[in-house]
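The structure is shown first.

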Amino acid sequence: MFGLGPATRIYVALGATDMRKGFDGLYGIVRDRLGLEVRSGHLFLFANARRNRLKILYWDGSGLWSCAKRLERGRFSWPVARDQSDQVSLSHEELSLLLGGIDLSGYAAQRLVSKNGS
C-alpha cells in the first residue's frame, strides 16, 4: 500500500469528519485543526460519525493519496482523547489492529499527542 518507514507517524483526527471531503477538505483539517503539515509523509486518519467509514490521507513525495474503507458490519474502534487534544497518534501495529476491526480501547500502547506533535 504505502512505503511506511519506522519514522512515519500515524495521526487520528478525533471526532467526526464529513466523508464527502476530498483532498482539499482533509488537507485543511490536518493543517487547521490538527496543526500539522500534510506533506510530512505521515498518515492522517479520519472517520465519520457512525464510525463505519474511514479515510486516510498520505503524501508520498509526489502527490496526495486519499484512501477509503467502508465496513459492511460493525464499527471502527476509534480512539478517544483523555484531554482536550484533537488528535491521537497510533503505532504501526495499532493501525493494523484498527483497520482489522480490533477494539483499541483496552490497548495499553495507545499514546496521546499534543497539538504540536510532541
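Which residues of E2 are buried on one side, and which on the other? The model is a predicted one. In it, Leu 43, Leu 45 and Ala 47 are buried on one side of E2, while Phe 44 and Phe 46 are buried on the other, which leaves both faces covered.

## Strand E2 and its partners

Five of the five residues of E2 are buried, so the strand is largely enclosed by the rest of the structure. E2 runs parallel to E1, and three bridges join the two strands. Within this pairing, Val 12 has Leu 45 of E2 as its bridge partner.

E2 also pairs with E3, here in the antiparallel sense and over five bridges. Leu 43 stands opposite Tyr 58 of E3.

## The E2-E3 hairpin

Five residues lie between the strands in the hairpin of E2 and E3. Arg 51 belongs to this loop. Its phi is near 60°, a positive value in a residue other than glycine. Most residues other than glycine have a negative phi.

Is Arg 51 buried or exposed? Buried means under 20% relative accessible area. Arg 51 has a relative accessibility of 17%, and therefore counts as buried.

## Helix H1 and the crossover

E1, H1 and E2 together make a right-handed β-α-β unit. Helix H1 covers residues 23-33, and its buried residues are Leu 26, Tyr 27, Gly 28, Ile 29 and Val 30. The cover over these buried residues includes three strands: E2 (43-47), E3 (53-59) and E4 (64-70). Just after the helix, Gly 35 has a positive phi of about 70°.

## Helix H2

Helix H2 spans residues 92-99, with Glu 94, Leu 95 and Leu 98 as its buried residues. Viewed down the axis of H2, these buried residues fall within an arc of 105°, so they line one face of the helix. Glu 93 and Ser 96, on the other side of H2, are exposed. After H2 comes Gly 101, with a positive phi near 85°.

## Ring contacts

A pair of aromatic rings is described by the distance of the centres and the angle of the planes. The count of aromatic pairs comes to one. Why is the pair of Tyr 11 and Phe 44 stacked? The ring centres of Tyr 11 and Phe 44 are 5.7 Å apart and the planes stand at 15°; planes under 30 degrees apart count as stacked, so the pair is stacked. The pair links distant parts of the chain, with Tyr 11 in strand E1 and Phe 44 in strand E2, 33 residues apart. Tyr 11 and Phe 44 are both buried.

A further ring contact involves a charge. The charged end of Arg 39 sits over the ring of Trp 59, at 5.7 Å from the ring centre.

## The segment before E1

Pro 6 lies in the segment before strand E1 (10-13). Exposed means a relative accessible area over 50%, and Pro 6 is exposed because its relative accessible area is 88%. The C-alpha atoms of Pro 6 and Ser 91 are separated by 9.4 Å, although these residues are 85 residues apart along the chain.

Conventions
Residues are numbered from 1 along each chain as its sequence is written. This is a predicted model: local features need pLDDT of at least 70, side-chain atom pairs count only at pLDDT 80 or more; totals for chains, interfaces and linings use all residues. Side-chain values use heavy atoms; hydrogens and water are left out. Helices (H or I, at least four residues) and strands (E, at least two) are DSSP runs, numbered from the N terminus. Buried means under 20% relative accessible area, exposed over 50%, partly exposed in between (1.4 Å probe, protein chains only). The arc is that of the directions from the helix axis to the C-beta atoms. Contact means heavy atoms within 4.5 Å. Rings of Phe, Tyr and Trp (its six-membered ring) pair if their centres lie within 6.5 Å; planes under 30 degrees apart count as stacked, over 60 as edge-to-face and the rest as tilted. A charge sits over a ring if NZ of Lys or CZ of Arg is within 6 Å of the ring centre and within 35 degrees of the ring normal. Two strands pair if DSSP finds at least two bridges between them. A crossover is right-handed if, with the strands pointing away from the viewer, the path from the first strand over the helix to the second runs clockwise.
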